[in-house]
Amino acid sequence: MRITVVGTGYVGLVTGCCFADLGNVVTCVDVNRKKIQELRKGVIPIYEPGLEEIVKRNRNKRLFFTTDLAKAVHSSDFIFIAVNTPPGKNGEVDITHVQEAAKGIARNLNGYKIIINKSTVPIGMGDIVTQIIQKNSSKKFSFDVVSNPEFLREGSAVTDLFKPERIVIGATSRSAAHKVAEIYKPLYRPIVITDLKSAEMIKYASNAFLATKISFINEIANLCDQVGADITQVVKGMSYDSRIGGQFLNAGLGFGGSCFPKDVAGLVQIGRDHQFEFRLLPQVLEINRDQRKQFLKKVHRALGSLKGKTVAVWGLSFKPNTDDMREAPSVTIIPELTAKGVKVKVYDPVAMPQAKLFLKNVKYCKTAYEAAQGADAVLVLTEWNEFIQIDFQKLKKMVRKAVVVDGRNIYDPQQMAEKGFSYYGMGRGKPFIF
Ligand code: UDX
Ligand code: UDX
């Protein structure tokens, strides 16, 4: 197939590269000239495991990068819109980039095309894109608009694209839906073909449900702290019920990233735009915000007074295996500490270049141990595997105080006690304090 993907961000780039790896001819378009120049040299602007090899394997054979939308549209039959849909000031979904992309495509139609919304767009956006194209294109060319939402998780986006649990395709024209389904046929995965609005709703409802699971288990964890139960044991006991399952029940600092916070707030706003007031989802967001405060209370308790203290922060990205700092807990937690006179030394295996763009007056360290040197407490904000493998005997000699505040429950309280560390988890029962 001849495919264009507009927007080479976390979603567009992975989508385009993987489509090329499936044998399609793919042109990735972006307005960001610098990004396109880097991609042409095989330099990947984001950290995504497995992506670099795919670009190297397909670049200049069937994978091309350009800022020239017209040329890309002229030479493609399928045009995916994967530009970002950031949150507006009161949580509404900013669709201006999608509208711009649709206008640009409309002005360059040179035959029948299928335009596919890959970006997460409000329910009804498929009809809006259809109207934009009708208004901005010369009447003689026909086209169809399809919704094909992405379910990629950062850090595993390549695997998620090649091994999706389902592909969702929404369209008014069944034949257009089936043509898009052809692209995914080589994956041999379940394909749900439905109407535009249902496909758009599937995306929002899926993300909102996952976010709800996280806020639910975080509330249970907060009660565990009060009663002295261990949330990891509670989840273990819950998970054998197939109706509950064990995934997405990791209590901790809560969700961040460019999707959950934005998509849950976006869905609330979409409700309001259609005279429907969600009651559950605003609570999901509030509980999530409060998790950062819960954690800071623990840090306070662990340190006693904050002034003049030093802490090591392990992990800055919103989750492991990504360099994405969008809505990461570190972005709100660290300024709270530095504002109270705490000296903060940070380490993240991958995200520090991104973090340096906006996390100021912290000391960036080359290793987790360097950050821990002289620290009154070690704070775990992101569950990178390397923190799980830490040599605690070595660590004990480096810290000023053997205290760990574990925002992602990566350690076992019993083992920490045996190693002589005071341990504060999120819902791990009464803290062990030496
Ligand atoms: C994606 C999805 O598009 C979004 O709907 C989902 O909710 C989050 O993930 P993402 O890929 O993370 O967004 O966006 P980003 O990483 O910001 O990349 C967007 C890219 O589109 C940027 O490279 C930007 O330069 C480009 N862009 C934006 C265009 O090419 N044209 C535009 O008009 C606007
Ligand atoms: C999510 C959805 O999983 C994906 O399907 C959608 O396309 C985009 O949004 P992503 O945001 O990349 O993907 O990461 P994910 O692994 O889902 O984690 C989201 C957030 O929830 C992270 O901040 C993570 O730390 C948090 N999380 C996840 C928990 O706090 N507990 C969990 O059990 C799982």
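Modeller: Let us begin with how elements are named: helices (H or I, at least four residues) and strands (E, at least two) are DSSP runs, numbered from the N terminus. Please also keep in mind that this is a predicted model, in which local features need pLDDT of at least 70 and side-chain atom pairs count only at pLDDT 80 or more, while totals for chains, interfaces and linings use all residues. Residues are numbered from 1 along each chain as its sequence is written, chains are lettered from A and ligands numbered from 1 in the order in which they are written, and side-chain values use heavy atoms, with hydrogens and water left out.

Biologist: Which helix gives the most to the shell around ligand 2?

Modeller: That is helix α9 (residues 196-227), which contributes 3 residues. A residue is near a molecule if one of its heavy atoms lies within 4 Å of it, and of the 19 residues around ligand 2, those that come nearest are Glu154, Lys203, Asn250, Gly256 and Lys319.

Biologist: How is the shell around ligand 2 divided by class?

Modeller: Ala, Val, Leu, Ile, Met, Phe, Trp, Tyr, Cys and Pro count as nonpolar, Asp, Glu, Lys and Arg as charged, and the others, Gly among them, as polar. On that scheme the shell around ligand 2 has 9 nonpolar, 4 polar and 6 charged residues, whereas the shell around ligand 1 has 6 nonpolar, 10 polar and 5 charged.

Biologist: From which domains does the shell around ligand 2 draw at least three residues?

Modeller: Domain bounds come from an automatic or database domain assignment, and the shell around ligand 2 draws at least three residues from each of domain 1 (2-194) and domain 2 (196-434). The shell around ligand 1 likewise takes at least three residues from each of these two domains.

Biologist: What lies 2.7 Å from an oxygen atom of ligand 2?

Modeller: A polar contact is a pair of N or O atoms within 3.5 Å; within protein, one must be able to donate a hydrogen and the other to accept it, and residues adjacent in sequence count only if both atoms are side-chain atoms. At 2.7 Å from an oxygen atom of ligand 2 there is a backbone N or O atom of Glu154. Accessible areas come from the Shrake-Rupley method with a 1.4 Å probe, and for residues only the protein chains shown count as cover; ligand 2 taken alone exposes 660 Å², of which the protein buries 92%.

Biologist: Which residues are closest to ligand 1?

Modeller: Among the 21 residues that surround ligand 1, the closest are Asp30, Lys35, Val83, Thr120 and Lys262. A side-chain N or O atom of Asp30 is 2.6 Å from an oxygen atom of ligand 1, and a polar backbone atom of Val83 is 2.8 Å from an oxygen atom of this ligand. On its own ligand 1 has 690 Å² of accessible area, and the protein covers 88% of that.

Biologist: In what order do the 6 strands of the open sheet lie?

Modeller: Strands of a sheet pair through backbone hydrogen bonds, either parallel or antiparallel, and two strands pair if DSSP finds at least two bridges between them. Here the order is β11-β10-β9-β12-β13-β14, with parallel pairing, and the edge strands, each pairing on one side only, are β11 (363-364) and β14 (422-424). Strand β9 (residues 310-314) pairs with β10 over 5 bridges, where Trp314 has Tyr347 as its bridge partner, and β9 is joined by 4 bridges to strand β12 (residues 377-380), where Val311 stands opposite Ala377.
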